[in-house]
Amino acid sequence: MAIVEYWLAFGVTQVFLERIDQERIKMSPIQGQAAVQEHDISTNKQHDLKDYIFTSESVSEGHPDKVCDRISDAIVDLFFKADPYSRVACETLVTTDKVVIAGETRGPDSVTKDDMERVAREAIKDIGYEQEGFHWKTADVEVLVHKQSADIAAGVDAGTGMDKEEGAGDQGIMFGYATRETDVLMPAPIHFSHEILRRLADARKNGDLKGKLEPDAKSQVTLEYKNDKPVRATSVVVSTQHTDGLSQADVKELVRPYIEQVLPEGWMPPEEEIYVNPTGRFVIGGPVGDAGLTGRKIIVDTYGGAAPHGGGAFSGKDPTKVDRSAAYAARYLAKNVVAAGYADGCTIQLAYAIGVSKPLGFYVNTHGTGSVPEEEIIKALKQLVNLSPRGIRDHLNLHRPIYERTAAYGHFGRTPDADGGFSWEKTDLIEDLQKILG
């Protein structure tokens, strides 16, 4: 009897999960997460949420993990300036008075360990660390970088692996996402979180906050959604390192104008829901307060939790690593689909195997907002962009020293630069998509 009851329960559970999966396909990533939580088991009724609250966070360029991302990407750029086809996989650790750089490279011998130490110090100086316990000039920098494995190189180089075309540098899945919530086609909570910190950093370096705030900071923005659209902020959190002698109230008065600049008119939360340095004091910060590592802020780097993430970090990797280049390509494709008017939101997944040139998976989901079927979008995108690892790099022109600038305030939602930086943010496929899809 117990066995029969178990399998009956198992069957009901399977039906329940299948129904959730079917409904979630129609939803945005945010709605899908919320809907599972809101499922009423007693009535087996699915709530398709249109009204909800969602939060994203960002961290500043002075956050210990972001210091590491910056140094790792500075070393990628260092190699690319010497040889645009260098291979780099660089990890950084920072703690009190110490920087450790490790990884594998394949590039010109003219790039030395002294050069790597130099760019690390330059990055720390530009961020603004001149404090006791972590100073760009006096920190001990240890470089433990060695040559790339020949086995990995054989899988990636054209004509050497199982696939005679140039293969992916590793296996993995990568996601891209775009939404009409903001003019840069990014989810609003992460976009506002980044922008608050970016403006505070600009003012700290060049404006009214110079000598008052220090580099380490975090932000968090919670928005209320009505009918699946953001309408106001319900709370904002900013924790920022500051000079000794400033009170919590002082710091709040310094920070509030930058929150007001970023949020749309009428979106400011009540005063009691603006949390600035909730612990009261934040003088000890940066690598003195917490150790940092490359690649620990992957949700901050992408969509703030509003879309899936494949798990691979970006910083410190040259674009033969599809963790980086294919994630850029997926964002590029999703942004162009939305910008061309074929959906209000679009998620794209790509999948690769090490040493294999073709993508093993290509998935598009317009979350019930698409004006044409997803399979037609996939066909059109395949016509327009070669999604092999080399095809992505050539299309987006990724063999350039353009990576250090990506290390803080998000890899997406940025303005394309004249020198090719943030090329994945271009919307240059619109006309071709419209010719194919109508």
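Which residues in helix 3 meet which residues in helix 4? Val-67, Arg-70, Ile-71, Ala-74, Ile-75, Leu-78 and Phe-79 in helix 3 meet Asp-115, Met-116, Arg-118, Val-119, Ala-120, Ala-123, Ile-124, Asp-126 and Ile-127 in helix 4. Here, contact means heavy atoms within 4.5 Å.

## The model and its ground rules

This is a predicted model, where local features need pLDDT of at least 70 and side-chain atom pairs count only at pLDDT 80 or more, while totals for chains, interfaces and linings use all residues. Residues are numbered from 1 along each chain as its sequence is written, and side-chain values use heavy atoms, with hydrogens and water left out.

The protein has 12 helices and 13 strands. Both are DSSP runs numbered from the N terminus: H or I and at least four residues for helices, E and at least two for strands. Of the 438 residues, 53% are buried, meaning under 20% relative accessible area with a 1.4 Å probe, protein chains only. Take the contacts between residues at least 6 apart in sequence: 71% of them join residues at least 24 apart.

## Helix 3 against helix 4

Back to the opening pair. Helix 3 covers residues 64-82 and helix 4 covers residues 113-127; their axes come within 9 Å and cross at roughly 135°. Axes are lines fitted to C-alpha atoms, for helices over the stretch in contact, with angles from 0 to 180 degrees between N-to-C directions. The two helices are therefore oblique to each other, the label for whatever is left once angles under 35 degrees (roughly parallel), over 145 (roughly antiparallel) and 65 to 115 (roughly perpendicular) are taken out.

The crossing of helix 3 and helix 4 is right-handed, so the near helix is turned clockwise from the far one by less than a right angle. By class, the residues of this contact split into 12 nonpolar, no polar and 4 charged. Nonpolar covers Ala, Val, Leu, Ile, Met, Phe, Trp, Tyr, Cys and Pro; charged covers Asp, Glu, Lys and Arg; the others, Gly among them, are polar.

An open sheet of 4 strands runs in the order 6-3-2-11, with mixed pairing. Two strands pair if DSSP finds at least two bridges between them. Strand 6 (140-147) and strand 11 (292-293) are the edges, each pairing on one side only.

Strand 2 (residues 87-95) and strand 3 (residues 98-106) run antiparallel and share 9 bridges. Glu-91 has Ala-102 as its bridge partner in strand 3, and Val-88 has Thr-105. In their hairpin, with 2 residues between the strands, Asp-97 takes a positive phi near 55°. Strand 3 and strand 6 run parallel, joined by 8 bridges; Val-99 stands opposite Val-141 in strand 6.

## Helix 10 against helix 12

Helix 10 (residues 374-384) and helix 12 (residues 430-437) have axes that come within 10 Å and cross at roughly 130°. That makes helix 10 oblique to helix 12, and the crossing is right-handed. Glu-376, Ile-377, Ala-380, Leu-381, Gln-383 and Leu-384 in helix 10 meet Asp-432, Leu-433, Ile-436 and Leu-437 in helix 12. This contact has 7 nonpolar, 1 polar and 2 charged residues.

Notes. Buried < 20%, exposed > 50% of the residue type's maximum accessible area, 1.4 Å probe, protein only.
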